[in-house]
Amino acid sequence: MLIKCYNKMRTMHILEMGDDMKEFNINNRRYLGSKYKLIDFIHKVVDNNCEDISSVLDLFAGTGIVGYSFNQGCDVIVNDTLTTNEVAYYTFFDNEEVDKDKLMNLLDNYNHLSTYEDNYYSTNFADTYLSKENMSKVGYIRDNIDNLYNDHMINFREKNILICSLIYAIDRIANTVGHYDAYRKNGDLHQQLILSFPNLDEDIYNNNNQIYKMDANELVKTVTADLVYIDPPYNSRQFCDAYHFLENVALNTKPEVKGVARKMDRKNLKSVYCSSKAPLAYEELIENINAKYILVSYINMGKQGDPRSNAKISDKQILEILKTKGEVKIFEEEYGAYTTGKTNLDNHKERLFLCTVGKKDESFNNINIDEFIKSPLNFTGGKYKILPQLVSKFPNDTEVFYDVFCGGANVGINMSSDTIICVDSDQHVISLLEYLKQSNYYDLIKHLDKLIEQYGLSNTYKNGYAYYNCDSSHGVGKYNKDAYTKLKNDYNQLPSDDLFLLLIMYGFNNQIRFNNKGAFNLPVGKRDFNASLRKNLEAFMDKMHAHNINFVCQNFRDMNIEEISQHQSFLYLDPPYYLGDAAYNENGGWTLQDEKDLLEFLNQCDSLGIKFALSNVIEHKGQTHELLINWCLDISYNINYISKTYSNASYHIKDKTAITKEVLITNY
């Protein structure tokens with residue numbers, strides 16, 4: 001069959017048929033970050049750690065070689081935003097019948113074509129990536145493929161096979177170093193453009209495969225698979241820049257091209273994964289994946305070589321984000337040796353992170369919550385319940401531990417450093433904590449019991465609930481209301497640590513709240529100074545007396561970081577959340593300027609080599625903390641995602657506006 005010529009003015013000569021045509025495989029392309037050499041490694045990890053895998057989603061498929069390696073035994077979903085790669089997917093993954101003889105004839109005719117007539121490609125790209133003669137052939141062949149399809153002489157898959165063959169042929173002889181950001185000025189332009197037929201393995205069945213060209217973050221909201229394989233572009237090298245010429249050929253829309261590299265407009269092809277927003281996009285991606293297993297490829301190039309090769313997402317961030325979804329195991333391929341169970345995240349390793357979705361991550365569960373002391377002072381946003389997660393991320397070699405914005409000191413009281421310094425700007429709280437430190441527990445209890453009797457408050461520890469005509473479910477709030485109001489008024493007129501402590505014990509949820517006039521204003525609670533609170537208070541005070549712990553009333557701005565840097569110090573900070581709506585943040589208690597000043601303070605700490613960990617939220621009730629996010633990304637601080645429980649993790653919540661994404665940001 002001869003090629004149908006639609007341009008009568010075109011000069012074309014068909015040469016004699018040559019030798020049998022060679023075939024090409026899906027992996028026969030030069031491609032940045034190709035995982036062809038890691039296929040065996042990937043399958044070892046999957047075979048040894050995953051069960052009942054019948055479907056695989058290759059989410060950032062590139063050339064599609066990883067997805068194709070699963071194609072014989074699984075239904076495969078492949079996705080990429082580049083048309084260059086999409087045509088390969090329809091070539092190797094689609095099941096539409098093709099007429100091989102017809103395609104072989106067409107390819108043979110293309111290979112024996114000689115044309116010197118100018119067209120879009122020869123005019124714009126002559127003697128760059130290919131010679132002018134080869135560019136003329138590219139233009140003729142590419143237009144002819146479209147014409148054949150539009151005239152219904154080839155079907156959709158046949159069209160893609162021909163385009164794919166052309167792309168692979170170009171790439172085989174292109175005057176580049178493997179990508180199209182530039183061409184070799186003194187390169188070899190004399191090689192012939194020879195198109196081959198794809199090796200369509202007859203043992204592979206494509207009946208249930210799916211092919212997409214979508215934003216990965218949107219696709220995962222609509223498809224499911226047993227295994228999702230992820231290999232996004234982690235650095236700033238945009239694939240649409242690296243393969244713009246091949247993308248131009250695949251699309252054949254003939255756009256204007258500019259610059260030495262002759263690039264078309266690629267704004268709509270840019271990936272967020274090549275920008276500073278990559279960690280956020282990655283977190284959203286993982287959150288929305290519906291799968292049994294998530295397998296993530298990662299190659300950490302460290303800080304060597306071209307800065308564009310440096311990762312936009314750190315391996316530590318990958319690990320922490322995956323942990324919010326399930327249990328994570330890390331596997332490494334190093335110098336040809338296959339190793340498993342790695343936890344030491346050094347640079348320059350070929351890594352696979354395997355997340356078993358829904359399986360609870362045990363990495364911090366060897367730290368028992370029962371080993372920690374709970375503060376009797378209850379603050380909204382207190383960190384007692386997530387102490388195992390926090391402690392597992394704190395450094396182990398700290399001499400001086402600073403609990404900044406300590407509140408009830410849930411964190412500081414549980415540390416084992418030589419010196420513990422709890423810092424808060426609330427003089428009421430610091431005074432009370434110092435009062436407890438200086439007191440003897442049994443003397444304090446006697447004093448508090450006298451005050452309870454004096455004010456006529458309930459004492460269920462001594463008398464039980466029946467004595468007050470109530471039960472534990474309804475509580476003693478009604479009984480204590482008037483006495484509690486009297487106690488509150490007395491404290492607000494003449495504050496003292498003992499009355500303050502009693503207000504907390506009898507107040508709503510044992511919380512602390514002052515209005516903008518400085519008056520304590522919480523209502524009465526349903527509990528009193530019961531056995532549980534007494535036990536907590538005793539354990540808290542015992543811990544105080546057993547450790548070198550100090551309480552300092554100070555604004556973070558006044559902390560002497562030069563002095564702090566002289567010791568092996570560590571700062572944990574739990575400020576009021578700017579996006580939060582807790583009691584301590586009412587009446588403008590924590591402003592945008594406060595947030596900016598704190599972030600600058602931490603930058604100064606970092607510059608002096610002081611390690612820190614900052615608790616905060618990056619999303620709350622539909623709002624995103626852009627300032628905090630950009631600060632983390634600009635300085636490359638690590639974002640560790642915190643999950644209070646797996647049952648109510650954000651990916652199970654239907655109302656996404658209700659999501660609060662809590663993080664621990666570290667500079668180590």
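Buried means under 20% relative accessible area, exposed over 50% and partly exposed in between, with a 1.4 Å probe and protein chains only. By that cut-off alanine 409 is buried, at a relative accessible area of 0%. This is a predicted model: local features need pLDDT of at least 70, side-chain atom pairs count only at pLDDT 80 or more, and totals for chains, interfaces and linings use all residues. Residues are numbered from 1 along each chain as its sequence is written, and side-chain values use heavy atoms, leaving out hydrogens and water.

**Overall**
- The chain holds 22 helices and 20 strands, taken as DSSP runs (helices H or I, at least four residues; strands E, at least two) numbered from the N terminus.
- Of its 668 residues, 55% count as buried.
- Among contacts (heavy atoms within 4.5 Å) between residues at least 6 apart in sequence, 75% join residues at least 24 apart.

**Nonpolar cores**
- A nonpolar core is a set of buried Ala, Val, Leu, Ile, Met, Phe, Trp, Tyr and Cys residues joined through side-chain atoms within 4.5 Å.
- The largest has 78 residues, and Ile42, Phe93, Tyr110, Ile170, Phe245 and Leu295 have the most contacts inside it.
- Helix H7 (residues 156–173) gives the most to this core, with ten residues.
- Another core, of 64 residues, lies apart from it and includes Ile286, Ile313, Val404 and Ile561.
- Threonine 91 lies in helix H3 (residues 83–92).
- Its relative accessibility is 0%, so threonine 91 counts as buried.
- Leaving aside neighbours within four places in sequence, threonine 91 contacts Arg157, Asn160, Ile161, Cys164, Pro198 and Leu200.

**Helix pair H21 and H22**
- H21 (residues 592–607) and H22 (residues 626–635) pack at about 15°, with axes 11 Å apart.
- H21 is therefore roughly parallel to H22, a label for angles under 35 degrees.
- Axes are lines fitted to C-alpha atoms, for helices over the stretch in contact, and angles run from 0 to 180 degrees between N-to-C directions.
- H21 contributes Leu592, Glu595, Lys596, Leu599, Leu602, Asn603 and Asp606 to the contact, and H22 contributes Leu627, Leu628, Trp631 and Ile635.

**Positive phi**
- Most residues other than glycine have a negative phi.
- Alanine 409 has a positive phi near 65°, and sits in the loop between strands S13 (400–404) and S14 (419–424).
- Asparagine 510 also has a positive phi, of about 55°.
- Asparagine 510 is in the loop between helices H18 (497–506) and H19 (531–546), and counts as buried at 17% relative accessibility.

Technical notes:
Angles under 35 degrees count as roughly parallel, over 145 as roughly antiparallel, 65 to 115 as roughly perpendicular and the rest as oblique.
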